[in-house]
Amino acid sequence: ADGSVTRLELRSNFLMGTLPAEIANLEALQVLDVSTVPLSGTIPPAFSVLTNLRELKVDRTLISGSLPTTVGRMRSMRSLTATRSMLSGTVPAQSGSMGALTQMSLTRTGVSGTIPASLSNAQEMLAIEFDQTVISGTLPPQLGNLKLLEDLDIDDIALSGTLPPSYAAMTSLKYIELDGSITRLSGTLPPEYGNLVNLVDLDLD
């Protein structure tokens, strides 16, 4: 029965076409992984009814378009990754409503706009990976509320402004990657960053 399918793992095969919106009928689905599959089209907004979905992986696909604003309804989502896909548009402000989210990776996509301050509501977040995207703007100070965050990887994007002192409260941080030729951060390193006792790598080159 449709309600009993919990995992749909199709990675690394040669399926063509688009992601069928009918997948939304698999109410018990917890994992949808189509990584390294030449699928195109967009992520159907209908997927927002998959309230049990914990992992959505569309890495290295031809999937394009924006992340649907309806992603905020996916309250069980823990890992949302679209690395090296054709994804564009902006990071929806509604992403912060995914309260269980631990990883959001949009590395090497065409995603633009700014980093939404609402991501600070995803209190379980461990990794934000937006490097080599078209995202610009400043670092939202509100992200300092992410006390469990370990990896902030946003190098090679057009950032400006200063390093928020509030990030010193993210005492689980191990990696801060803010380097890159188009990064235009200014100012000084806040002395409060001395509180980041778990920090392994702070890359601002």
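Buried means under 20% relative accessible area, exposed means over 50%, and partly exposed lies in between (1.4 Å probe, protein chains only). This is a predicted model, in which local features need pLDDT of at least 70, side-chain atom pairs count only at pLDDT 80 or more, and totals for chains, interfaces and linings use all residues. Residues are numbered from 1 along each chain as its sequence is written, and side-chain values use heavy atoms, with hydrogens and water left out.

**View 1. Salt bridge between Arg-7 and Glu-9.** A salt bridge is a side-chain nitrogen of Lys or Arg within 4 Å of a carboxyl oxygen of Asp or Glu. The closest N and O atoms of Glu-9 and Arg-7 are 3.0 Å apart. Glu-9 is partly exposed at 38% relative accessibility, and Arg-7 is partly exposed at 44%.

**View 2. Salt bridge between Glu-9 and Arg-11.** Here the N to O distance is 3.1 Å. Arg-11 has 43% relative accessibility and therefore counts as partly exposed.

**View 3. Salt bridge between Arg-11 and Asp-33.** The side chains meet at 3.2 Å, N to O. This pair links distant parts of the chain, 22 residues apart: Asp-33 is in strand S2 (residues 31–33), and Arg-11 is in the loop between strand S1 (7–9) and S2. Strands (E, at least two residues) are DSSP runs, numbered from the N terminus. Asp-33 counts as buried because its relative accessibility is 7%.

**View 4. The network of Arg-7, Glu-9, Arg-11 and Asp-33.** Salt bridges with shared partners join these four residues into one network. A search of the whole structure finds 3 salt bridges.

Terms used: Helices (H or I, at least four residues) and strands (E, at least two) are DSSP runs, numbered from the N terminus.
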